[in-house]
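These are my notebook entries on one structure. I record what I looked up, entry by entry.

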Amino acid sequence: MPRPFRFGVNLLTPAPAAEWRAKCRRAEELGYDVILVPDHLGMPAPFPALVAAAEATRRPRLGTFVLNAGFYNPALLAREVATTDALTGGRLELGLGTGYVPAEHERAGLPYGSPRERVDHLRRTVEELDRLLGSEEHQPRPARPRVPLLIGANGDRMLRLTAEYADIAAFTGARPGSAPGSLEPLTAEELEERVARYRGLAAGRAEPAELNLLIQLVAVTDDPEPVLKPLLERQSWLTPDAALALPIVLAGRLEELVARVRAQRERFGFSYLTVLEPYMEAFAPVMERLRAESA
């Protein structure tokens with residue numbers, strides 16, 4: 001049987017307290033299973049934002065999507081994770097990645113490092129979090145023995161780390177672009193190869209991980225070409241048809257999007273989908289239809 005769908009929304013825009021809480025309540029009303037926050041300068045600070053989200057809502061899980069491990073010392077991060085999990089009543093899902101924007105490290109006065117160094121630091125961070133939070137002597141204590149771990153990955157070493165440790169394997173559907181801090185979308189065939197690589201590395205797991213995909217564009221429309229225009233301008237190699245075929249793009253009539261999401265679960269195994277805040281409302285009818293079909 002396929003894994004049931006879960007849906008998350010990544011809230012990107014800082015807001016005053018009342019507006020932030022209203023936004024989180026709206027995500028809950030729309031039926032999102034997870035309220036997420038990213039980890040970029042200029043966006044909400046992840047842990048206080050999630051504690052505020054917990055105070056405003058009852059049902060959704062709360063996650064980081066994803067923390068830039070290069071910003072954190074593992075011991076200090078363990079304190080943040082444990083405190084946030086305790087204050088949210090055990091609703092935290094911890095998402096980690098290496099970071100991909102050199103300019104943010106420069107602004108923060110932190111080294112960016114080579115790809116190997118960033119993956120090595122992420123591995124040390126994951127291992128230290130397991131050690132520290134797994135110890136009964138560590139204070140503060142999280143609400144549960146283990147906070148679920150999501151790792152965002154694409155390269156081979158990251159996929160290997162994800163296969164070893166992650167409860168949720170998150171695929172961005174993109175690779176680093178030619179400009180620093182930019183991303184270039186993967187075609188369906190390229191993403192399928194990455195998922196197959198992950199499955200091979202994870203073949204010995206006792207429990208399979210949940211597979212996540214970050215959707216970058218959602219539009220329920222009879223005419224998708226206008227909404228594709230910004231993407232086509234950024235990615236000059238794409239044609240409109242090629243853009244519509246990208247796994248990270250959902251644009252078309254409602255019934256087409258519902259069928260596409262189901263087909264991507266069948267092809268890739270993606271049962272947990274994340275959308276960005278600007279598309280929170282647009283994706284809601286897709287979510288509702290998928291749940292109605294599964295009832």
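**Entry 1**

I began with D222, which sits in the loop between β11 (217–220) and α8 (225–234). Helices (H or I, at least four residues) and strands (E, at least two) are DSSP runs, numbered from the N terminus. The model is a predicted one: local features need pLDDT of at least 70, side-chain atom pairs count only at pLDDT 80 or more, and totals for chains, interfaces and linings use all residues. Residues are numbered from 1 along each chain as its sequence is written, and side-chain values use heavy atoms, with hydrogens and water left out.

Is D222 buried or exposed? I found a relative accessibility of 66%, so D222 counts as exposed. For these classes, buried means under 20% relative accessible area, exposed over 50%, and partly exposed in between (1.4 Å probe, protein chains only).

**Entry 2: the whole chain**

I counted 11 helices and 13 strands in the chain. The radius of gyration is 19 Å, close to the 19 Å that the globule rule gives for 295 residues, so the chain is as compact as a globular protein of that length. That radius is taken over C-alpha atoms, and the rule is 2.2 Å times the number of residues to the power 0.38. Along the principal axes, the C-alpha atoms fill a box of roughly 55 × 40 × 40 Å. Of the 295 residues, 52% count as buried.

**Entry 3: salt bridges**

How many salt bridges does a search of the whole structure find? The search gave 25, a salt bridge being a side-chain nitrogen of Lys or Arg within 4 Å of a carboxyl oxygen of Asp or Glu.

I looked up R123 and E127, whose side chains meet in a salt bridge at 3.6 Å, N to O. Both residues lie in helix α5 (residues 115–133), four residues apart, which is about one turn of the helix. R123 is partly exposed at 22%, and E127 is partly exposed at 33%.

The next pair was E193 and R194, with 2.8 Å from N to O. Here E193 is partly exposed at 41%, whereas R194 is buried at 12%.

I also examined R262 and E293, whose closest N and O atoms are 3.4 Å apart in a salt bridge. R262 belongs to helix α10 (residues 254–268) and E293 to helix α11 (residues 280–294), so this pair ties together parts that are 31 residues apart in sequence. R262 is partly exposed at 32%, as is E293 at 42%.

**Entry 4: cis peptide bonds**

Most peptide bonds are trans. I therefore recorded the next cases with their positions. The bond from F65 to V66 is cis, with omega near -15°, and V66 is in the loop between β3 (61–64) and β4 (67–68). The bond from Q139 to P140 is also cis, with omega near 0°; P140 is in the loop between α5 and β6 (149–153).

**Entry 5: residues apart in sequence**

P102 lies in helix α4 (residues 102–108) and is buried at 19%.

P208 lies in the loop between α7 (188–201) and β10 (210–215) and counts as exposed at 59%. Its C-alpha atom is 8.9 Å from that of I168, 40 residues apart along the chain.

Last, I looked up V51 in helix α2 (residues 46–56), which is buried at 16%. The C-alpha atoms of V51 and A86 are separated by 9.7 Å, and the two residues are 35 residues apart along the chain.
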